[in-house]
Amino acid sequence: MDKSTFVIHVNGQKHRVEVESNTPLLWVIREHIGLMGTKFGCGVAQCGACTIHLNGNPVRSCVLPVSAAEGSEITTIEGISEDNSHPLQKAWIAEQVPQCGYCQSGQIMQAVALLEKNKKPSREEIITHMNGVICRCGTYVRIIKAIERATLEG
Amino acid sequence: MKATGGITFAIAGYGLFSKFAFAKENEKSQEKQITAWVHLDTTGQITIFNPAAEMGQGSMTALAVLVAEEMDADWSKVNIDYSPIEPGIYGRSWGRGRSRGGTMLTVGSYTVSGYYDNLRHAGAQVRYVLLHNVSQKWDVPLDQLRTSSGFVIHDASNRKISYGEIATFATVPAQIPEIPEDQLKSPEDFQSIGKYLPRYDVPAKVDGSAQYSMDVKLPDMVYAVISRSPVHGSKPSILNENIIKEIPGIVDVVALKHGIGIVAESIELAIDTRKKLEIKWSSREKAETHNSSTAYADYEKIASDRNQRGNVIVDKGNVDDGLVSASKTYTYDYKNDYVYHAQMEPLNAVVSIAEDGASADVWVGTQGPAGARSAAANALGLKTSKVKLHCCYLGGGFGRRSMSDYVSEAALLAKAVKRPLKLIWTREDDLQYGAFRPMSLQRMQAGVDKRGNVIAWQHDVVGTGGRLLATGASTNYYSFPNQKIQVIGVDHGVRTKHWRAVGHGPNKFAIESFIDEIAADQKLDPVTFRKNLMKDFPRALKVLQTAADMADWDKKSSNGKAKGIAFGERSGSLVAGVCEISIDKVSSKIKVHRIWAALDAGIVVQPDNAVAQMEGAIIFGMSSILNESITFKNGIVQESNFHDYPLLRMADAPESIEVKIIESQEPPSGIGEAGLPWVGGAIANAFASLTGKRLQHLPFTPEKVREVLES
């Protein structure tokens, strides 16, 4: 397959990459650009570990071809704050959410997108919005608490 | 270990007599430091070395707390770093006690209990050295000095000195005395143990900076995936090697015993190209005859054959006489399918071989660093001393990462292509070449006398996976005068492995369901019935009663809900729990609304983390009880990813999980798995309370619920 040049905008920076057009954005972000906070979990948009924002919307980067991301603003976990100061990051620490931690970038990115659109989500709205992101360690109870805390303190 | 300046408290000896060596920091002596537990620099920064895998269970923090507690360290100045892989020094024993050295496997929830005495003692020895140095410097008797949060204090002269300052002049005696047990802190003096301290690893897991081996990227690195045997044991022959090798960007095609590796300049190319491989697999492997759906019928026949002799775990009194003399006997079967670890980070490893081929670096998340290092060394034909293993965070382990198959693979591929290499298992690889918690059938038999006492108890476990089936089958907290518990193994030739709580999950499900069935037939309340059986075991009784009280057991649920209770143990910890469920009339799905659980784990070092582990293990358990099943057809795993192996999601998590830790001065026991084994029995028992019918085959999917309700 032929490679092409793509210019993508991640966390406010331009990156030029030479890849095939159907390359999943996940691999571009991780292995070509080197931002490792976004995780590979399933490759088929079932687990949500690879969740990033595309123009503010949460998307699964493992199934998004790089060609579809050109011209869009991409935000990864590295882009939401420089010092763990996002209200959700603070809440995540206060509630001691992560265990193995591998899914948590995806969880947080999914949650950030929720609060940007809905400042005071109900418990049901939180669950509906977050249901696509799997946590094998079973931190769901604390994720809900952290989002509720962030809505109060953020 | 990149400390500069300061002193290192190093254990150079093995066994009972620890010999501490002093190493002044400079480039040369850095190598001598490899036996250190604690490094203190002149600014007061303390580095405590962690010998265990951090896979989410939090022991990285808990172990450092043990050292810091007895050191009287200022926790804000503590850094935690991985210890060197020296099992003779940094390993733990399988029991308690101060013996140093042993295994570095992080398994069985043994970490905190296994290191509890040893690391507190190490901390106390560091404190002794600091006191000893100040005593000499100030010329005051050592017993007039005390320590508090990073300072040595002499009250009589109103002087205090920080640990960092002491490091500027301290020397470490060639032999530090053993600190007698009675000079360690008593629990009422603990400043950190049993208190809230945030986990060390959490901030890096919130900003994406925590490093898993998946995140390692080296210059000139290539990527690999492997097409592995669909039937365990079958061998590959590649039919189109030349065509594959001609694809631009393909570095090599490497034949392994169990698969064909594709090495490429990018991960996307490796994954894409693998689809084009044409492989002929050898046939007639043992596993090829295995069909999991029909295996249960064979298990039933085996269980019914009284002449079958298995691996006997408990044989007490005479169970045959007990069953004959009983006024009523009960026999029920319980079944459980295979389940998969499904740790969120698929298996992977990074290997870089030095240009001269004489040494190598390996990055991996592993529960067994010594085994992983040996696996790499064997594959590379190097001595283990020539392999440097860089331990990374584990994106989940649950038993799967105590194997090193993925490390061997990465090393073999790196050796073939002579370039730094990252091997990634896709989710499909991770699932289909999994090593599963085995399927089994549990034949439970009991005899009850006229007064309702259980006088005979027989538990036959039939299944694959050998000793994996045995754990948790014995019930040391129930008094059965005559009992026989045995495992009858059937080898299907498929891969099985320890999975969180191992055999405890299926065994406690069977035991606790069966207990409830007998209680119901005897018209006794399940709590009362268990309390009678537990009357000689006060710790167990207290745990059971606490859970029952938390759940307001005597008050029945309303609105189409019902409660169920079960008891379990694992790694020395006792847990009882109650769940409240309902069944969705349309979907036949079981909904778990609320959970109450009581834990007795002796002294709990990190209580908030213990609660987190309980919450996690309960949800992990629920996922296996309600959703998870791996099936084999002609030896081939039928599931492939999370769409057909669904893990529990947030919408199915309980509305609340209340955990109570029972105050205890007993030695610590394991927590990471203890929350799991009771869950199956409690859900099954709640279901029976709600519907009058029994669920006896895991998982309790909507199809199974419908089937049972319509029976």
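The model is predicted. Chain B and chain A bury about 4,600 Å² between them, with 64 residues of chain B in contact with 50 residues of chain A. Over all chains, a search of the whole structure finds 40 salt bridges.

**Interface between chain B and chain A**

- Carbon and sulfur atoms account for 57% of the area of about 4,600 Å² that chain B and chain A bury between them.
- Six salt bridges are counted between chain B and chain A.
- In a salt bridge between the two chains, the side chain of Glu628(B) meets that of Arg136(A), at 2.6 Å from N to O.
- Between chain B and chain A there are 33 residue pairs in polar contact, with both residues at pLDDT 80 or more.
- On the side of chain B that touches chain A, the elements giving two or more residues are helix H6 (267-274), strand E19 (421-424), helix H11 (427-432) and helix H15 (607-626) of chain B.
- H15(B) supplies the largest share of that side, with nine residues.
- Sorted by class, the side of chain B that touches chain A holds 34 nonpolar, 13 polar and 17 charged residues.

**A salt bridge within chain B**

- Side chains of opposite charge can pair when their charged atoms come close.
- Arg228(B) and Asp429(B) form a salt bridge through their side chains, at 3.8 Å from N to O.
- This pair links distant parts of the chain, 201 residues apart: Arg228(B) belongs to strand E9 (residues 222-228) of chain B, and Asp429(B) to helix H11 of chain B.

**Packing of two helices in chain B**

- Two packed helices are described by the angle between their axes and the distance between the axes.
- For helix H1 (residues 59-71) and helix H3 (residues 111-138) of chain B, the axes come within 6 Å and cross at roughly 35°.
- The crossing of H1(B) with H3(B) is right-handed.
- Residues of H1(B) that make the contact include Leu63(B), Leu66(B) and Val67(B), while those of H3(B) include Tyr115(B), Leu119(B) and Gly123(B).
- By class, 11 nonpolar, three polar and three charged residues make up the contact of H1(B) with H3(B).

**Backbone features**

- A cis peptide bond joins Leu698(B) to Pro699(B), with omega near -5°.
- Pro699(B) is located in the loop between strand E29 (697-698) and helix H17 (702-710) of chain B.
- Gln96(A), a residue other than glycine, has a positive phi, near 50°.
- The loop between helix H2 (87-94) and helix H3 (104-117) of chain A contains Gln96(A).

Terms used:
Residues numbered from 1 in each chain as written. Chains lettered and ligands numbered in written order. Predicted model: local features only at pLDDT ≥ 70, side-chain atom pairs only at ≥ 80, totals over all residues. Heavy atoms only, no water. Axes fitted to C-alpha atoms, helices over the stretch in contact; angles between N-to-C directions. Helix = DSSP H or I, 4+ residues; strand = E, 2+ residues; numbered from the N terminus. Left-handed = near helix turned anticlockwise from the far one by under 90°. Contact = heavy atoms within 4.5 Å. Nonpolar A, V, L, I, M, F, W, Y, C, P; charged D, E, K, R; others polar. Buried area = accessible area lost by both parts, 1.4 Å probe. Salt bridge = Lys/Arg side-chain N within 4 Å of Asp/Glu carboxyl O. Polar contact = N/O pair within 3.5 Å; in protein donor to acceptor, adjacent residues only side chain to side chain.
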